Structures are given as structure tokens and as C-alpha cells.
Amino acid sequence: MENIKNEIVEAIKKYSTIIIHRHINPDPDALGSQVGLQQLIKHSYPSKEVYVVGEEVNSLLFISKMEVIPDKIYKGALVIVCDTSNTSRISDSRYTHGDMLIKIDHHPEYEQFGDLSWVDPSYSSASEMLVDLFLIFPEDFKINKEAAKAFYAGIISDTGRFLNGNTSPRTLKTVSLLRTYNFQPERIHNLLNTKTKNSSRLQKDILMSFKVTDKGVAYFIMTKELLNKYGVDRVEASNLVNTLSSIKGNKIWAFFIEYPTEIRVRIRSRNIPISSIARQFNGGGHSFAAGATIHSWEEVDHIIEALNQVCPK
């Protein structure tokens, strides 16, 4: 593993153009690791051209906007994909157009890709991985305020404000270091916690209308008609998944969200591994937080039954 880290750092030092990707429908860690890495490299090597690409999420623009670049920029470039376990979820399909490809991810290994691959699920987040990586090379890389802010947002989000079981002493040490930079962490907390009025109204509907099986699998279906009724976009709706987490008796909870050509599923659990179920339905993720994709409402019953099967009696 140490050899991989050295090779990644040497590749970053070697290339003058670096393009950073992450997964579709980005969460704060996907954006935090992507943007934090960009800012760290630009601060350490001002002459390098470093770009971040992919679709934007309005509610997360406080981390950073994305850049639109022409295809020709990829020629001879280093491409790094952060926080993404499989190629089908990489935002912007041009990730293969560079000279070299690196994968950096904290999800369990689902699909191997890249000329170099550093995958380590012991980390809380891809953001924590990157901070830890560059602390090993203090002579070559320097974190600045903008990088610290982005990494902090990623770690805070993926640890659930340190409430999740993936928070380790190493995580807290990393956050302690990032907090030494003057980036107003309370503003990040406030922005991550803020909901629109429409989202709050939808949340009330979720609490009033969710269903739960006798095994403790709670679920809620979000059709396009329901989203239109409340004026909530799909990303904002997805972020409400933990609305069902604090209800007594709910062991696993899932959202089924209708997209134009598919239904995306967000699954969470209270200490019951569910990533293997997600993989059965074109998805993957962590042991207690995963996602899947289905293409008909009939498949909802199949997922619920599979989740029932893993619930203890």
C-alpha cells in the first residue's frame, strides 16, 4: 500500500495537467475530496493546471462550482477519480481520455479500474484518505484554507457529524488538523443542515406516510408526481433518507426515487450489512449505507424482500 501512495504522489508531481472526477449525484464527500485535492495541488504547485469536472448540485455549490473543459485538455493529462467504486458511476465519461488514470476510494472494492488504485475502506471518507496521504509528504504538499474547507465538509458528511461507526481516532485527528485553518466550520455545518421549506414539507409527508415491514424494513416511494407536488429536486429528496433513522423499530430504511429512465434506491441500516443487497440490484456502497438502481416499480418488492431476509428475527 505504501508503494501505491508513493506512486500516486509521484504521478501528481509529474503531470502538468490534472483532471479530477468523482461519482454522479455527488454528496459532500465526493465534492469535498475532488475539490480539496484540486485546491491542495494548486496551492502546492501553482504552475499546474488542475480541473474539477462533473454535474453540479445547487445545494452544494458552497463547496465549489465545477468546470467545463474541452476534450483536448485530456490529451497527455493525469486523471484522478475520487470516491467512486465502479466505472458506471463516474461523472463525465471522458475519464478514460487522459494519459494515466488513478482511483482513490474508501468504498469496498467493487470494480477494479485505473493504472493505479488506492482503495481503503478503513477510512471514513475519501476526504480523510487524501488528507492522510499528503501528510506523509509535508515537503511536497501543503494544505491551505480552501482545501481544508472542502475536506472538512466531506468528512463531516460521511461520518454523519461523527455519529456513524466509521469515525475513528484517526478521523478525529484529521479533523483537528483541518480545524486549525480559518474556514468557518460552523458555516459548513449550517449549510449542510439547511433545508428548504418545500423539503421540510416533504419530510413531514415521509414521516406520515412511510411503510414498514414486520421485520423492521422502512421505506418510502418518491414518484415524479410527488416531487413535483412539493417542488423538490431529486438530490434534495435523496438527502432526506435518514429521516427514518431515529424511529424505534426501523432496522433498515430505504428511499425509492423515480428518475426519467430508472429508479434509484438509497438504503441505510442500523448495524445490519446491506451492501451485498445493493450489489444484487446494480449498486454497491458501504456496509450500512448503500445505493442501487432498478427499472420498474415491480422490483421494489424484490428489494424489500431481500432486505427482510437480512434482518434478524
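Contact means that heavy atoms lie within 4.5 Å. The model is predicted, with local features needing pLDDT of at least 70 and side-chain atom pairs counting only at pLDDT 80 or more, while totals for chains, interfaces and linings use all residues. Residues are numbered from 1 along each chain as its sequence is written, and side-chain values use heavy atoms, with hydrogens and water left out.

**View 1. Ser-44 in helix α2.** Ser-44 lies in helix α2; helices (H or I, at least four residues) and strands (E, at least two) are DSSP runs, numbered from the N terminus. Leaving aside neighbours within four places in sequence, Ser-44 is in contact with Asp-140, Phe-141 and Lys-142. The side chain of Ser-44 also reaches the backbone oxygen of Leu-40 at 2.9 Å. Ser-44 counts as buried because its relative accessibility is 18% (buried means under 20% relative accessible area, exposed over 50%, partly exposed in between, with a 1.4 Å probe and protein chains only).

**View 2. The open parallel sheet.** Five strands form an open sheet in the order β2-β1-β3-β4-β5, with parallel pairing; two strands pair if DSSP finds at least two bridges between them. Strands β2 (49-52) and β5 (116-119) are at the edges with a single partner strand each, so one side of each has no neighbour in the sheet. Within the sheet, β3 (residues 78-82) and β4 (residues 100-105) pair over five bridges. Val-81 has Lys-103 in β4 as its bridge partner. Helix α2 (residues 28-44) packs on the sheet and touches β1, β2 and β3.

**View 3. The largest nonpolar core.** A nonpolar core is a set of buried Ala, Val, Leu, Ile, Met, Phe, Trp, Tyr and Cys residues joined through side-chain atoms within 4.5 Å. The largest one has 49 residues, of which Ile-12, Ile-18, Leu-78, Ile-80 and Phe-134 touch the most other members. Helix α4 (residues 145-158) gives the most to this core, with eight residues. Beyond four places in sequence, the contacts of Ile-80 include Ile-12, Ile-18, Leu-37 and Ile-104. A second, separate core of 22 residues includes Tyr-219 and Ile-272.

**View 4. Strand β9 and its two partners.** Strand β8 (residues 252-258) pairs with β9 in the antiparallel sense over seven bridges, and a hairpin of four residues joins β8 to β9. Six bridges join β9 to β11 (residues 289-294), again antiparallel. Arg-266 in β9 stands opposite Phe-255, and its bridge partner in β11 is Gly-291. Five of the seven residues of β9 (residues 263-269) are buried, so this strand is largely enclosed by the rest of the structure.

Note on methods: Axes fitted to C-alpha atoms, helices over the stretch in contact; angles between N-to-C directions. Polar contact = N/O pair within 3.5 Å; in protein donor to acceptor, adjacent residues only side chain to side chain.
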